Amino acid sequence: MQINKLRGKELDQLFNAVLSLKDLEECYRFFDDLCTINEIQSLSQRLDVARMLREKNTYQKIETETGASTATISRVKRCLNYGNDTYDMVFERINKENSTTEQK
């Protein structure tokens, strides 16, 4: 599994830092300090591409709406099909959280 190649104390530190964030405002502030605007936008774009692929949108529509290249779309699709299923996990959690918030 490719994820084992990533493991190390530096990445553990990064992921533990992300897990320590308490709310959306802390996330905005932390990622603003940690990443460039382009890096944050690239991460956000990939997540949006994954959402649109899950909704069965065409490459052309995804490219038009997100500005993502076909290479990026293909990479995200490969992760959706053969990855660690984390996109699905995250979207399910977000949807569950949103529906709980709407019920309140």
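Me: Which elements make up the chain?
Reply: This is a predicted model, in which local features need pLDDT of at least 70, side-chain atom pairs count only at pLDDT 80 or more, and totals for chains, interfaces and linings use all residues. Residues are numbered from 1 along each chain as its sequence is written, and side-chain values use heavy atoms, with hydrogens and water left out. The chain holds seven helices and zero strands, taken as DSSP runs numbered from the N terminus (helices H or I, at least four residues; strands E, at least two).

Me: At what angle do α4 and α5 pack?
Reply: Two packed helices are described by the angle between their axes and the distance between the axes. Here α4 (residues 37-54) and α5 (residues 59-66) pack at about 145 degrees, with axes 10 Å apart; axes are lines fitted to C-alpha atoms over the stretch in contact, and angles run from 0 to 180 degrees between N-to-C directions.

Me: Which residues meet there?
Reply: From α4, Gln45, Asp48, Val49, Met52 and Leu53 meet Tyr59, Lys61, Ile62, Glu65 and Thr66 of α5, contact being heavy atoms within 4.5 Å.

Me: Which helix gives the most to the lining of the largest pocket?
Reply: Rolling a probe the size of a water molecule over the atoms shows where empty space is left. A pocket is an open set of points on a 1 Å grid over the protein atoms alone where a 1.4 Å probe fits, with protein on both sides within 12 Å along at least five of seven lines; lining residues have an atom within 4 Å of a point. Helix α7 gives the most, with eight residues. The lining comprises 40 residues, with Phe31, Leu43, Leu47, Tyr87 and Val90 nearest the pocket's centre.
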